Each structure stands twice: as structure tokens, then as C-alpha cells.
Amino acid sequence: MGTASFLQRVQALLRIRNQLARECLAELLAVFVLILITLSGSAQMVTSSGAKGNILTAYLAGALAVMVAVYTAGGVSGAHLNPAFSLSMCLLDQLPWWKFPIFVAVQTLGAFVSAGAVYILYYDAIQHYSNGTLAASGPYETASIFATYPAEYLSLPNGFLDQVMGTALLIVGILAILDTRNKGVPKGLEPVVVALLVFSIEVSMGSNCGCPMNPARDFGPRLFTYLAGWGAEVFSRGNGWWWVPVVAPLLGAAVGTALYQLLVAFHHPTEEENPPPEQTPLDLIATTVPTATKMSPEEQDAEGKLEQKM
């Protein structure tokens, strides 16, 4: 009783009623959770030299992180987690444009803080693996734990196209999952299906540059590594790759939104155009065979007299 009363007093003291503030706090926590799990999966793989994880486990950690993050903030902020998805929602008039820069700032801040948490968590492992040298390139580089970098063969134009296509596919998939006029997903299972979507993209399109598809997820941790001692190479490596995971996913979000609207959503029938639901053979039998009706006592009495006369 005393504990419940104490919790009620704390809630009354700390509860925030402003809707935007509530959304920002939820989004901040969700992105923190997302990046914490995602980067930890990469850190475990890199610092153990593959002994305690591989690229598949890292991708799986990232996908499951999406699921946990969406459950964390989905009912408050919508769990955008990604400026690319926030842009898509703005294009669809599901998010006011004035909120877009606020959401982007919160998402980037959450990713930055989470990168710091992962660095603290794996500090000893990173120092041991790298012999105390924080490098963004070379055989013992650790910058790729936090941000994505292109494969040696990848050109900037090809990498840009990779991110446009990958993010467009991500947005198309999410819009289809959320479209109640389409096939639909059982309520409450949307985060699970989105996680499977992310995992499928990562394992099929991740070899070029690690499938960032999220400007906040890439820029926030990259900025942290720059400030934490990895130096300016985190921005210069890969012919100045850093801007590609920031700009290309936004373009991909616009492309994915347009594709789904033009090829699917615009063509959903209106309520007036909706055909009657298809009837199964059992439905037809039920409509043609009348069901027994219960007679009133007066009707039963009248029927009994008629039978006696006959």
C-alpha cells in the first residue's frame, strides 16, 4: 500500500503531459535501445575476431533491436527510429513537417548517446583488440563497430544507389505492413514483421556497405567516434563516404513512398466500390436452408388444434 502510494506521488510529480515532449522522450529511448543492441552485436563480432559472433548474428541483433524498439515507443511516438521513415510520414501527411527536424534531432541524439554506452560497455574489449589504438582503417580498425563504411570495391555512385534501393524497399515493406486495406498483420505483431523485413534486407543487400538505411543510426555514432578519439578519418574514409548514408536513405524514403502510393495505395477501392464479400459453399447453404424458428405458446397451441382436426 505504501509502495503504491509512493509510486503515485512520483508519477504525479514527474508525469509530462505535453504530447510533443512525450513523443520525444519515447523516441529517444527507443533509438537508444535500437542502437545499443545493434552496435553491441557488431562490437561482439569485431572484438572477438569472429569467435563470438559473425555477420549473421550481427544482422540478427540489429533486426531484433528494431522489434524491441518499436514495442518500446510504438504506442507513443509511432517509433519512427529513422529520419527516412519520419520523412515518409511527412510525405503522407501522417506527421507535421514542423516535427520532422525535431524527430531527426532526437533520433540522432539517441544514436549518439547509445554509441557512447556501447563504447563504455566494450571499452576493455576494444582496447585489447586494437592494442590501444583507435583506428578507422587497417587490420585492427574498430570504427566499423559504430558506423558503416563501404567495401573496398564500392564506388560512391554505386553505394548511393545501394542505399536508395535498400531504403526504398524498407519503406515499401513498412507501408505495406501498416496498410490496413492491404493484407494486414495481426494487431500487435507489426514489430515482429518489421524486424523480419529488416533482417531480410540486411542478409540480402548488406555486403556493399552494411545496410545503414538510417541517417541517425549512421551519423550519430560516427560523430561520437570522431569526438572519442578515432579522428577525422571516420569522415574521410571511403572517399568521404559519410554523407551517403545520410542523404541516400532520405531519397530512398521518398522513392519508396511514391512507389507504394502509385502502384498500390492509390488503387484501393473506396467503400462504395467495395464488392460484397465472397461467399463460401457453407455460406450459401446457410442462406438457402432456413433455420428452425421457435414458436410462441399461442402458435404451438394453434398448430396442435389443427393437427387434431386433421
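**Aromatic pairs in an all-helix pattern**

Across the whole structure, a search finds 13 aromatic pairs. The model is a predicted one, and the paragraphs below follow two of these pairs before turning to the chain as a whole.

The pair formed by F112 and F224 is edge-to-face, with 5.8 Å from centre to centre and 75° between the planes. That label follows because planes over 60 degrees apart count as edge-to-face. F112 has a relative accessible area of 26% and is partly exposed, whereas F224, at 12%, counts as buried. The cut-off behind this contrast is 20%, since buried means a relative accessible area under that value.

Helix α9 also contributes to a second pair. F219 and W242 form a tilted aromatic pair, with 6.2 Å between the centres and 45° between the planes. F219 lies in helix α9, while W242 lies in the loop between α10 (233-240) and α11 (244-263), so this pair ties together parts that are 23 residues apart in sequence. F219 counts as partly exposed at 26% relative accessibility, and W242 counts as partly exposed at 31%.

One aromatic cluster is formed by F112, Y119, Y123, F146, F224 and W230.

The ring of Y149 has the charged end of R222 over it, 4.8 Å from the ring centre. The charged end of R237 likewise sits over the ring of Y149, at 4.3 Å from its centre.

Of the 310 residues in the protein chain, 42% are buried. Contacts between residues at least 6 apart in sequence show how the chain is connected: 76% of them join residues at least 24 apart. As for the surface, the protein chain exposes about 17400 Å², and carbon and sulfur atoms supply 64% of that area.

Notes: Residues numbered from 1 in each chain as written. Predicted model: local features only at pLDDT ≥ 70, side-chain atom pairs only at ≥ 80, totals over all residues. Heavy atoms only, no water. Phe/Tyr/Trp six-rings, centres within 6.5 Å; stacked < 30°, edge-to-face > 60°. Buried < 20%, exposed > 50% of the residue type's maximum accessible area, 1.4 Å probe, protein only. Helix = DSSP H or I, 4+ residues; strand = E, 2+ residues; numbered from the N terminus. Lys NZ or Arg CZ within 6 Å of the ring centre and 35° of its normal. Contact = heavy atoms within 4.5 Å. Areas by Shrake-Rupley, 256 points an atom, 1.4 Å probe, with all protein chains shown as cover.
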